[in-house]
Amino acid sequence: MKVTEHFEQAKGKTLISFEVLPPLKGGGMQAIFKALDGLMEFKPPFIDVTYHREEFLYKKRPSGYYEKAAIRKRPGTVGICAAIMHRYGVDAVPHLICGGFSVEETENALIDLNFLGINNVLALRGDPRQFEDKFIPEDDGHKYALDLVKQINGMNHGTYVDSSITNGEATDFCVGIAGYPEKHFESPNISSDLHFTKAKVEAGAHYIVTQMFFDNAKYFEYVEKCRATGINVPIIPGLKPLTKRYQLNSIPRKFFINMPEDLVSAIVKAKDDEAVKEVGVEWAIQQAKELKAAGVPCLHYYTMGDSETVKRIVKAVL
Ligand code: FAD
C-alpha cells in the first residue's frame, strides 16, 4: 500500500513509522530484524531504509603512492526493503538518491522496485561525498531531487528514458521528498527552499518527511509556511532523540539544525552519560506528545542503530 493511503486509512489518527540504516558491509540482516522485531508492536505501516552513496577512500600502495577507491560501506537498501516486506508484511520505503546514479541506472533501479512490488520511494538528491565541498552528480545523472521526482512521475505515466519505448508500463510509485524546517543548508533562505520544495510537489511528490528538529515551533512554522506557499501534501515530522553529550555539536554540524536553549542547558547540567540520555529521551517524549496532540499524520523516528531508545519513547507517547 502507498504511504499516503496509510494516512487516508488512519482517518486522522497519528501513525508511527521508523527509518533504519543498512548494516555496514559484512554485517547481516539479523541486526535489522532484531531492531525491528522490537518495534513491530507499534504496528508501523511503513519502514524507511536509507541509501548510502559510495565514498572515496585512499589506500596506500606498496610503492608509496595512494590509490583512490570508491567503496559503498552500507549497500543493500533494496534487498533490505524486500526482506522487511517479506518478514513483516509491512510496506518498505527505499530511499533513492541522485548521487552515483545515471538517469538510466535510476530507471533500472525503479524497474527493480516495481517488479518487487515496492511502490513507495523517498526521492532525494543525496549529500556531497566525504571530502567534497559540494554535491557532484554523475555526468548523466540528476543534479536535484526535483529531476528525480520528474523521472519517477514520468514512469508513473509510462514514460521511460529510453525513448524507443512507446508503450511502457506505467508504474504507480508514491513519492516522498525531504523537507527542512530550518531550511536546507545550501539554500540562501527559507523562501528559496520552499520554492523548490513546491516545485517537487508540483512535479509529482505526494508527501514530505522533515529533517529532524528539536524545537516543535520550527516544525509548526514550517507547516504554516508550506501551506501559505501552496504546498498541501502531508508533512511528516522526523524525530531523533539526543542521547549523547557530543551530539550537542555533532548534530548541528552534520544536519545544520539548532538546539533549543532549554535542551542545551539541561544536557550541559546533566551529571553523567545516563543523565544526558534521560534528558534527551524525556525531551523527545514531550516533543512527540505535543506533535501528536497537534494531529500530525505520523511520527517518523530515525532509529540510527538505537531502536531500544526509540521504543521507550514510542511507548511513553501511546
Ligand atoms: P534537493 O531537493 O535537490 O535540494 C538541494 C538544495 O538545492 C536545496 O538547497 C534546494 O533548495 C536547492 N534546489 C533544489 N532544486 C533546485 C533547482 N532546481 N535549482 C536550484 N536549486 C535547487 N541522504 C542520503 O544520501 N541518503 C538517504 O537515505 C537520505 N535520507 C534522508 C531522509 C530525510 C527525511 C532527509 C530530510 C534527508 C535525507 N538525506 C539522505 C539527506 C539529503 O540527501 C540531503 O539533505 C541533501 O543535501 C539534499 O537532498 P534533497 O533531496 O533535499 O535535495
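Let me begin with a polar contact, meaning a pair of N or O atoms within 3.5 Å: an oxygen atom of the ligand sits 2.9 Å from an N or O atom in the side chain of Ser187. Taken alone, the ligand exposes 980 Å², and the protein buries 87% of that, with accessible areas coming from the Shrake-Rupley method with a 1.4 Å probe.

Before going further, please keep in mind that this is a predicted model, in which local features need pLDDT of at least 70 and side-chain atom pairs count only at pLDDT 80 or more, while totals for chains, interfaces and linings use all residues. Residues are numbered from 1 along each chain as its sequence is written, and side-chain values use heavy atoms, with hydrogens and water left out.

What surrounds the ligand as a whole? The shell holds 25 residues, the closest being Tyr51, Asp127, Tyr180, Asp193 and Lys200, where a residue counts as near if one of its heavy atoms lies within 4 Å. By class, 13 of the shell residues are nonpolar, 7 are polar and 5 are charged, with Tyr counted as nonpolar and Gly as polar.

Which element gives the most to this shell? That is helix H6, with 3 residues; helices (at least four residues) and strands (at least two) are DSSP runs, numbered from the N terminus.

Turning now to helix packing, axes are lines fitted to C-alpha atoms over the stretch in contact, and angles run from 0 to 180 degrees between N-to-C directions. Helix H4 (residues 103-115) packs against H5 at an angle of about 50°, with their axes 11 Å apart, and that makes H4 oblique to H5. Angles under 35 degrees count as roughly parallel, over 145 as roughly antiparallel, 65 to 115 as roughly perpendicular and the rest as oblique.

Helix H10 (residues 273-293) takes part in two pairs, and with helix H11 (residues 307-317) its axis comes within 9 Å and crosses at roughly 45°, so H10 and H11 are oblique to each other. For helix H9 (residues 261-269) and H10, the axes come within 8 Å and cross at roughly 155°, which makes H9 roughly antiparallel to H10.

Note on methods
A polar contact is a pair of N or O atoms within 3.5 Å; within protein, one must be able to donate a hydrogen and the other to accept it, and residues adjacent in sequence count only if both atoms are side-chain atoms.
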